[in-house]
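Visitor: I would like to learn how to read a protein model. Could you walk me through this one, feature by feature?

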Amino acid sequence: GMSVDGEAIVASPMPGIIVAVPVAVGDVVKLGQRVVILESMKMENELRAPCDGVVTHVHVAAGASVEKDQPLVGISQEQAEEA
C-alpha cells in the first residue's frame, strides 16, 4: 500500500461503485478490518485496513464511482496517546 506522512492510503484496486464505507474519520481500526465495500462487475469486494490506526480521511461515500488506484480512505499509523 501507499503511505504518505505516516498515513496509509486504502486505494481502489479496480474501477467500481462504492457500496458502503463502514468507518468514519476518527474511528480506530485494526489491521484487516473492512473499511470500504466496493462493487465491481457485479461482485462485492471488501477493502481492508492495511494497519492498525485511526481513520484520518474518508474520500468517498456510498454510491460514488471510483477509478482504479483512487484513494478512498486514509489511516494514520500514529497511535493515539489519549482515548
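**A first tour of the chain**

Guide: Gladly! Let us begin with secondary structure: the chain has 0 helices and 9 strands. Please keep in mind that this is a predicted model.

Visitor: Which strands are joined by bridges to strand β7?

Guide: Strand β4 (residues 28–29) is joined to strand β7 (residues 53–58) by 2 bridges, and these strands run antiparallel. Within that pairing, Val 28 has Val 54 of β7 as its bridge partner. Strand β9 (residues 71–76) is joined to β7 by 4 bridges, again in an antiparallel arrangement. There, Val 58 stands opposite Val 73 in β9.

Visitor: How much of the chain is buried?

Guide: Burial is judged from relative accessible area, and a residue under 20% counts as buried. Here, 35% of the 83 residues are buried. As for the surface, the chain exposes about 5,000 Å², with carbon and sulfur atoms supplying 53% of it.

Visitor: What share of the contacts join residues at least 24 apart in sequence?

Guide: For this reading, we take contacts between residues at least 6 apart in sequence, and 59% of them join residues at least 24 apart.

Visitor: Now to charged side chains. How many salt bridges are there?

Guide: To find a salt bridge, look for a side-chain nitrogen of Lys or Arg within 4 Å of a carboxyl oxygen of Asp or Glu. By this rule the chain has 3 salt bridges. One of them pairs Arg 34 with Glu 46, whose closest N and O atoms are 3.1 Å apart. This pair links distant parts of the chain, with Arg 34 in strand β5 (residues 34–40) and Glu 46 in strand β6, 12 residues apart. Glu 46 also forms a salt bridge with Arg 48, where the closest N and O atoms are 2.5 Å apart.

Visitor: Which residue does Lys 68 meet in a salt bridge?

Guide: Lys 68 meets Asp 69, at 3.7 Å from N to O. Lys 68 is partly exposed, with a relative accessible area of 49%.

Visitor: How should I read the backbone angle phi?

Guide: Most residues other than glycine have a negative phi. Met 41 lies in the loop between β5 and β6 and counts as exposed because its relative accessibility is 72%.

Visitor: Let us finish with Asn 45. Where does Asn 45 lie, and which atom does its side chain reach?

Guide: Asn 45 is in strand β6 (residues 43–48). Its side chain reaches the backbone oxygen of Met 43 at 3.4 Å. Leaving aside neighbours within four places in sequence, Asn 45 is in contact with Met 14, Val 36, Ile 37, Leu 38 and Ser 40.

How values were computed
Residues are numbered from 1 along each chain as its sequence is written. This is a predicted model: local features need pLDDT of at least 70, side-chain atom pairs count only at pLDDT 80 or more; totals for chains, interfaces and linings use all residues. Side-chain values use heavy atoms; hydrogens and water are left out. A polar contact is a pair of N or O atoms within 3.5 Å; within protein, one must be able to donate a hydrogen and the other to accept it, and residues adjacent in sequence count only if both atoms are side-chain atoms. Contact means heavy atoms within 4.5 Å. Buried means under 20% relative accessible area, exposed over 50%, partly exposed in between (1.4 Å probe, protein chains only). Accessible areas come from the Shrake-Rupley method with a 1.4 Å probe; for residues, only the protein chains shown count as cover. Two strands pair if DSSP finds at least two bridges between them.
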